[in-house]
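Please open the structure in your viewer and keep the selection tool at hand.

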Amino acid sequence: MPEVKHHHHLFHHKKDEGEPAEVDYAREEKHHKHKERLAELDTLAAGAYALHEKHQLKKDPKNTHKHKIKEEIAAAVAVSSGGFAFHEHHEKKAARKERKSHGHH
């Protein structure tokens, strides 16, 4: 059975000879910036949904427990996506630093 090579990372593929491929630092920086912006939008959307559910708590007293659970879940999603945005911000900064240290502008 032939051996199958699996590539798990987008930017650090290896050439067939086993040598590491040249990394496009500008592309990597752009990739992390894009993921950071998406995570920021996720944070905003989840926060807005949490506020909506908090409003529904007051508006619909019959289903208070359901709205409280949804509000807490949305708040947790907002916090976690905010953390992911923070992580991607630091990855973007690291890619920018690598790009500048390799003489690319």
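Select leucine 38 to begin: this residue is partly exposed, with a relative accessible area of 42% (buried means under 20%, exposed over 50%, and partly exposed in between, with a 1.4 Å probe and protein chains only). Leucine 38 lies in helix α1, residues 25-59 (helices are DSSP runs of H or I with at least four residues, strands are runs of E with at least two, and both are numbered from the N terminus).

The model is predicted: local features need pLDDT of at least 70, side-chain atom pairs count only at pLDDT 80 or more, and totals for chains, interfaces and linings use all residues. Residues are numbered from 1 along each chain as its sequence is written, and side-chain values use heavy atoms, with hydrogens and water left out.

Next, select lysine 92 in helix α2, residues 64-101. Is lysine 92 buried or exposed? Lysine 92 counts as buried, because its relative accessibility is 7%. Now display Glu29, His32, Lys33 and Glu36: lysine 92 is in contact with these residues, its neighbours within four places in sequence being left aside (contact means heavy atoms within 4.5 Å).

Finally, show the whole chain. Its secondary structure comprises 2 helices and 0 strands. Of the 105 residues in the chain, 22% are buried. Among contacts between residues at least 6 apart in sequence, 56% join residues at least 24 apart. The accessible surface comes to about 8400 Å², and carbon and sulfur atoms account for 59% of that surface (areas come from the Shrake-Rupley method with a 1.4 Å probe; for residues, only the protein chains shown count as cover).
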